[in-house]
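Subject: Structure handover

Hello,

Here is the structure I promised to pass on. Please look it over first, then read my notes below.

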Amino acid sequence: MIDHGHDLASVRDATDRLLTAAAKLDNAAVAEPSRLPGWTRGHILAHLARNADALVNVLEGRPMYVSGEARDSDIERDAPRPLDVQLADLRDSAARFQATGTAPADWSRTVELRNGVKDSASRVPFRRWGEVELHHVDLGIGYELEDLPAEFTEREIDFLAARFSGHPDVPPTRLTDSTRAWRTGRQTTEPESAVTGSAPELLGWLAGRRDGSGLSVEAGSLPALPPL
């Protein structure tokens, strides 16, 4: 069972880690490229702030974004801001998310996210946790997949394996870190691909943060994954 209160606390801790790390940057570093193609570090910080507000909208029953175009234009507008403005915005938007998350609510209700995706309200804090942790890595400032909390890594692999489960373009695949195992891909009678590696390497591949070169495949080549 999802414990949204636990996940809210984890979001707060992850946000604090990111804010502390980002505070060591300067305006020039914020304008430098991140690890995400076409985005500077400023784009990532702006996206995280606007995503917090978007998830407040979700929890309060409003559309997550006015439109995809509005989402993108807001990020482009906010990306060039100086570091102190970026950090203040991220801190304030994170506080708004926490306040909304701690208000009395029916956490079993279904909410709607981007592109018509629906989920339990109780899973929204975990989704935010994923945004903060993975984009902290994307900043390229010394926080790596290996630094992620073990609980988050395992649960995010669960989440992404489930997301690709049944996908017609992903062959049946068994993932393992030699301790735990996950299955994903289309459900057919064809043989499974067996992919082995550390949990951070598996997460990196599933999340599109690594090319899978740190993984081994029992037979054949590593399956190609569609974009998230």
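Two strands pair if DSSP finds at least two bridges between them. Strands (E, at least two residues) and helices (H or I, at least four) are DSSP runs, numbered from the N terminus.

This is a predicted model: local features need pLDDT of at least 70, side-chain atom pairs count only at pLDDT 80 or more, and totals for chains, interfaces and linings use all residues. Residues are numbered from 1 along each chain as its sequence is written, and side-chain values use heavy atoms, without hydrogens and water.

S5 (residues 193-196) and S6 run antiparallel, joined by 2 bridges. Opposite Ser-216 in S6 stands Thr-196.

Angles go from 0 to 180 degrees between N-to-C directions, and axes are lines fitted to C-alpha atoms, for helices over the stretch in contact.

Now the helix pair. H3 (residues 41-59) packs on H5 (residues 83-102) at about 20°, with the axes 9 Å apart. The two are therefore roughly parallel (angles under 35 degrees). Contact means heavy atoms within 4.5 Å. Among the residues making it are Leu-45, Ala-49 and Val-56 of H3, and Leu-90, Ala-94 and Phe-97 of H5.

Best wishes

Definitions and conventions
Angles under 35 degrees count as roughly parallel, over 145 as roughly antiparallel, 65 to 115 as roughly perpendicular and the rest as oblique.
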